[in-house]
Amino acid sequence: MAATYRAVMLTKAGGPEALEIVELPLESPGPGQLRVRVRAAGVGSTDLVMLAGKYRFAPKIPLVPGYEVAGTVDAIGAGVAGFEPGDRVAALTVYGGFAEVLVREAEHFLPIPDGVSDRDAAAVILNYVTAWQMVYRVANVQLGRTALVTGAAGGVGTAALQLLGLAGVKTYGAASTPKHDTLRSLGATPIDYHAGALDVLTRAHEPQGVDYVFDAVGGANIGPCIGALRRGGTLVGFGFMGASTQFSQIAMFANIFLGARLRGRRGKFYGITLLYRKDPKLLREDLPKIFSLLAEGKIDPLIDRTLPLLDARKALEFLAGGSVEGKIVLTND
C-alpha cells in the first residue's frame, strides 16, 4: 500500500486559486478512529466561505476543505466496534473531505444502505439534512401550508423544495429566470427576485403571505422575507451568503430575531454544524431517513455536474460563478 495519499489543500486565504494538490503521509487510525477511502465528496457554498480562512468550525490554514464524504472503511482503530473493512460509510466532515483518505473518529460515520450510490450519498449529507432539520425540527411545517424558499435553485434550496413537497406544502422558489424551469420541475412556483421586491412578488400569489420562509441569502433580504410572511408565520434563516463581515452577521441575526418579532412573525436561525456540535445524535437520526427516501426513490438530488475528486478547485470555480443548479459532487472512481 502506498505510504502517501493526495489531497486538495488550502495553503493561504483566498479563492479557489489558493487550492493546491499535495501528497500527505498515510496515517494509521488512532484509538476510536476509522481510516476511510473517500469515494465521493460534496461541494457547497460553505467550502467557498472556508477559503477565506475565517470559517469558525475549521482549523487554521493550511487545511483540506471538504464538508461531506462517502467512502469505504480502509482501517479500524483500537476500540472501534460496528465497522468492518470495506463497509460503505458517510460523514459530515466539515473539513478534510477533498482527499483520497480521511482519518476521523468513528462516531462521525454512518452506514450507506444498499440502493444508495456513493455519489448520491455525498450529495445529500449537507443539503438534505439541512433542509430536513429546518423543515421538521425548526419550522415544524404542517400539511396544506405555504412556503417560500430563497436561493431555491441551489443545493439546499432544491432539497428543501423536494422535502416540502413531500410534506404537502405548497412551495414558491426565488431564483433568477434561467433557473425557473428547474424550480417548476420540483413542483414550485418560481419567483424572479430581479423583478421587484420579494414580499410584493410573493403576495401577488399569496395575498395574506406565506406560512414559512426559508432564506439562504440574509443581509438586506431579511426585511422582504419577513414581509412575505403572514402574521404569525415563521422565517428560518440559514447560511451567511449575504453577511460577509461580523458586523453584517450581527445585523442579520438582529433582523431575524427582533425584526420578525416586531412585525408579528417568528424568526429563527439554523446552522447544521452548530447543531451537530451541540447534539450530534440529531444528524445520526435524520441522515438515515434521507437515505431511506433516496433508496425508495422519493427524493432525487439535483446534481449539476460531477468531477474527479482532486478537481475541487475547478468545482469551486464553477460554484463561485453562480450558475450551478443543485449540487456539484467530486468522485474518486
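Where does A228 lie? A228 sits in the loop between α6 (222-227) and β12 (229-238), helices (H or I, at least four residues) and strands (E, at least two) being DSSP runs numbered from the N terminus. This is a predicted model, in which local features need pLDDT of at least 70 and side-chain atom pairs count only at pLDDT 80 or more, while totals for chains, interfaces and linings use all residues. Residues are numbered from 1 along each chain as its sequence is written, and side-chain values use heavy atoms, with hydrogens and water left out.

- A228 is buried, with a relative accessible area of 0%, where buried means under 20% relative accessible area, exposed over 50% and partly exposed in between (1.4 Å probe, protein chains only).
- Leaving aside neighbours within four places in sequence, A228 is in contact (heavy atoms within 4.5 Å) with L148, D199, T202, R203, G209, V210 and V213.
- V213, one of these partners, is 15 residues from A228 in sequence and 7.7 Å from it in space, C-alpha to C-alpha.

**Helix α3**
- 10 of the 12 residues of α3 are buried, so this helix is largely enclosed by the rest of the structure; the buried residues include G155, V156, G157 and T158.
- The 12 residues of α3 should span 16 Å at 1.5 Å a residue, and the end C-alpha atoms are 17 Å apart, which agrees; the expected span is 1.5 Å times one less than the number of residues.
- Just after α3, G168 takes a positive phi of about 80°.

**Packing of α2 against α3**
- The axes of α2 (residues 118-138) and α3 (residues 155-166) come within 8 Å and cross at roughly 50°, axes being lines fitted to C-alpha atoms, for helices over the stretch in contact, with angles from 0 to 180 degrees between N-to-C directions.
- The two helices are therefore oblique to each other, given that angles under 35 degrees count as roughly parallel, over 145 as roughly antiparallel, 65 to 115 as roughly perpendicular and the rest as oblique.
- By class, the contact of α2 with α3 has 11 nonpolar, four polar and no charged residues, with Ala, Val, Leu, Ile, Met, Phe, Trp, Tyr, Cys and Pro counted as nonpolar, Asp, Glu, Lys and Arg as charged, and the others, Gly among them, as polar.

**Packing of α2 against α9**
- α2 and α9 (residues 281-295) pack at an angle of about 115°, with their axes 9 Å apart, which makes α2 roughly perpendicular to α9.
- The contact is made by residues including V124, Y128 and W132 of α2 and L283, L287 and F291 of α9, and its residues divide into 13 nonpolar, one polar and five charged.
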